[in-house]
Amino acid sequence: KSALLIGAGSMALQALERLVKLGVGRITWINRSRDKILAHPLNHHCQIADFEKRHQLCFEHEIIVAATSSPEPVVTLAELEVNKPLSRSKKVDSHLILDMGLPRNVDEQIHGFKQFYVRNVDEFRDRADENSKNRHKALEPALKIIQEELTKTAEECTLWDRGPLIGELKMALSQLFEEEIQHLKLENTSD
């Protein structure tokens, strides 16, 4: 996969670390201030490009992570339409844009344009909240299953205690215990 990272703040750096850790094949990193990128120790994992080329670069990458502190979108539908390549030298079928900015870094109208799909932090939070609610709903039935299994296991243990094999083992152990006591008594009387 290939990824375009837009930004150099804390969210962008976390995204960069994750992309590097995941082994993304090609990472292009852009920021308004090129010096911030050059100062970062992970910059050797990336191609560094000009911020002004961000719309063209979006067409060349499968994953686009936008994490800037810009008060307005840095990726817009109008600019993507203007910068749409006539022919694709690098074949990329679809593009996933992860908008990590608050306020939004990506124009939401882009979703669905030329195989661009936009996801933002609100969607991530909503999905996490929904998953948490589903886990809480499943907790009561899970606890009920655990209690039923504990009860069943306790009943089986009681039945095993009453079974013929356990009875025979108890009798054999009692007999062995008695023999050992008799043996010890004999040893003590001979001293």
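Predicted model: local features only at pLDDT ≥ 70, side-chain atom pairs only at ≥ 80, totals over all residues.

## A first walk through the model

Q: Which residue has its backbone oxygen 3.0 Å from a polar atom of the side chain of Asn31?
A: Among the residues that Asn31 touches, leaving out those up to four places away in sequence, are Gly7, Lys36 and Phe51. The backbone oxygen in question, 3.0 Å from a polar atom of the Asn31 side chain, belongs to Ser33.

Q: Is Asn31 buried or exposed?
A: The relative accessible area of Asn31 is 13%. The buried class covers anything under 20%. So Asn31 counts as buried.

Q: How many salt bridges does a search of the whole structure find?
A: One of them joins Lys1 and Glu62, with the closest N and O atoms 4.0 Å apart. Another brings the side chains of Arg104 and Glu108 together at 3.7 Å, N to O. Searching the whole structure gives a total of 4.

Q: How many residues apart are Lys1 and Glu62?
A: These two form a salt bridge. Lys1 is in the segment before strand E1 (2-6), while Glu62 is in the loop between helix H3 (54-58) and strand E4 (63-66). That pair links distant parts of the chain, and the separation is 61 residues.

Q: What separates Lys152 and Glu149 in helix H5?
A: Lys152 and Glu149 form a salt bridge, with their closest N and O atoms 3.4 Å apart. Lys152 is partly exposed at 42%, and Glu149 is partly exposed at 39%. Because they are 3 residues apart in helix H5, the separation is about one helical turn.

Q: Which residues make the nonpolar surface patch of about 390 Å²?
A: One member, Leu150, lies in helix H5 (residues 121-162). Leu150 is exposed, at 52% relative accessible area, and patch residues need over 30%. The patch is made by Leu139, Leu143, Ile146 and Leu150.

Terms used:
Residues numbered from 1 in each chain as written. Heavy atoms only, no water. Patch = residues over 30% accessible without salt bridge, like charges linked within 9 Å, V, L, I, M, F, W, Y side chains within 5 Å. Areas by Shrake-Rupley, 256 points an atom, 1.4 Å probe, with all protein chains shown as cover. Helix = DSSP H or I, 4+ residues; strand = E, 2+ residues; numbered from the N terminus. Buried < 20%, exposed > 50% of the residue type's maximum accessible area, 1.4 Å probe, protein only. Polar contact = N/O pair within 3.5 Å; in protein donor to acceptor, adjacent residues only side chain to side chain. Contact = heavy atoms within 4.5 Å.
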